[in-house]
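Hello,

Here is the structure I promised to pass on to you. Have a look at it first, and then read my notes below.

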Amino acid sequence: MTYPGLAGRMVVVTGAAGGQGAAEALLLAASGARVVAVDLQAQVPEVFAAGDRSDPSGPPVSYRRLDVTDEDAWQRLARDLAAELQGNPLRALVNNAGITHRARLGETRRDDWDRVLAVNLTGPMLGMQALAPLMGPGSSILNIGSSAALTAHYTAAYTASKWGLRGLTQVAATEYGPRGIRVNALHPGFIETEMTRGAPPAMREAQLTLTPLERLGRVEEVAELAAFLCSDAAAYIAGAEIPVDGGFASAGGSKYMSDSIRDASTSAALRPTLVAMLHKLD
Ligand SMILES: NC(=O)c1ccc[n+]([C@@H]2O[C@H](COP(=O)([O-])OP(=O)(O)OC[C@H]3O[C@@H](n4cnc5c(N)ncnc54)[C@H](O)[C@@H]3O)[C@@H](O)[C@H]2O)c1
């Protein structure tokens, strides 16, 4: 699918060397956007080589190295883009780069906490500070949160960083709204990428148990919403936070309860307790 208002317009996607960021960059390019993909690695990622692209008819994605925690690098990017844009507004910034750290509160070391917050929260803040001045009416900023930002996910630093990103999203939506810049957040559930490849098997199983659609997500399914939110199809959507998680966060664990009650193997002793709990929730 292609999305309106993006053709010929410049868009920046962070953390775009793989996973969701690469899928977002490719889909935006397929809608005609001039995508600047940034990530940590120095060399151009394979996925942006012409032969590898899912839709080679779109404009090429240009790649440059940028660490989202590096304020000077953001300022250099802003200067270079300003020269290229020649007064035209930057169409969109997708703050997608993120790292996880699967440690509970009691096991979280200070340097890990700082590292995770630097990438997941300070990175988007620096990106907005650097690039919002290049934006104008119709421009859009999209922050990639997580279902961890909607729940009490056990990963202390990661969860706190993504809850913080929700607050930053709302502050930015309020501050930039009068300039016609829309700021939104998207909250992926468990999506198959490099980040989740290392997840403990029990986490994957629990996710499936708790997800109403009973499957994990694909990067393309996140990219579709990202491209929509950056496009004119979402012209009146600002300050929104939309999960792409198969119903995981909104179900709030109640799928497990519902399945347990239905499951014939549920012990007779446990069933009345669960039913009573359900009635209390009514
Ligand atoms: N995969 C999931 O299940 C899932 C779930 C919820 C939220 N998310 C979020 O979605 C986003 C994308 O994650 P993904 O699953 O594609 O992960 P991924 O690990 O495949 O991709 C993340 C990318 O960010 C880049 N990156 C890391 N630190 C960076 C830095 N300092 N500067 C620039 N780039 C940096 C990495 O090099 C990598 O290419 C992240 O913000 C993540 O927190 C992912």
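**Around the ligand**

Helix α5 gives the most to the shell around the ligand, with three residues. Helices here are DSSP runs of H or I with at least four residues, strands are runs of E with at least two, and both are numbered from the N terminus. Before going further: this is a predicted model, in which local features need pLDDT of at least 70, side-chain atom pairs count only at pLDDT 80 or more, and totals for chains, interfaces and linings use all residues. Residues are numbered from 1 along each chain as its sequence is written, and side-chain values use heavy atoms, with hydrogens and water left out.

Helices α1 (19–30), α4 (156–176) and α5 (194–197) each supply at least two residues of that shell. Altogether 26 residues surround the ligand, and the closest are Asp 39, Asn 96, Tyr 158, Ile 191 and Thr 193; a residue is near the ligand if one of its heavy atoms lies within 4 Å of it.

- Gln 20 has a polar backbone atom 2.8 Å from an oxygen atom of the ligand.
- Asn 96 places a backbone N or O atom 2.7 Å from a ligand oxygen atom.
- Tyr 158 uses a polar side-chain atom, which lies 2.7 Å from an oxygen atom of the ligand.

On its own the ligand has 820 Å² of accessible area, and the protein covers 90% of this (Shrake-Rupley method with a 1.4 Å probe; for residues, only the protein chains shown count as cover).

**Arg 102**

Arg 102 is found in the loop between β4 (92–95) and α3 (110–131). Neighbours within four places in sequence aside, Arg 102 is in contact with Thr 155 and others, among them Tyr 154, Met 195 and Met 203 (contact means heavy atoms within 4.5 Å). A polar atom of the Arg 102 side chain lies 2.8 Å from the backbone oxygen of Met 195.

**Two buried residues**

Ser 147, in the loop between β5 (140–144) and α4, is buried, with a relative accessible area of 8%. Leaving out neighbours within four places in sequence, Ser 147 is in contact with His 187, Pro 188, Gly 189, Asp 245 and Phe 248. Gln 207, placed in helix α6 (residues 201–210), also counts as buried, at 10% relative accessibility.

**Backbone angles to check**

Most residues other than glycine have a negative phi. Gln 86 has a positive phi, near 50 degrees, and Glu 214 has a positive one near 55 degrees. Gln 86 is found in the loop between α2 (71–85) and β4 and is exposed, with a relative accessible area of 68%. Glu 214 lies in the loop between α6 and α7 (219–230).

Best wishes

Notes:
A polar contact is a pair of N or O atoms within 3.5 Å; within protein, one must be able to donate a hydrogen and the other to accept it, and residues adjacent in sequence count only if both atoms are side-chain atoms. Buried means under 20% relative accessible area, exposed over 50%, partly exposed in between (1.4 Å probe, protein chains only).
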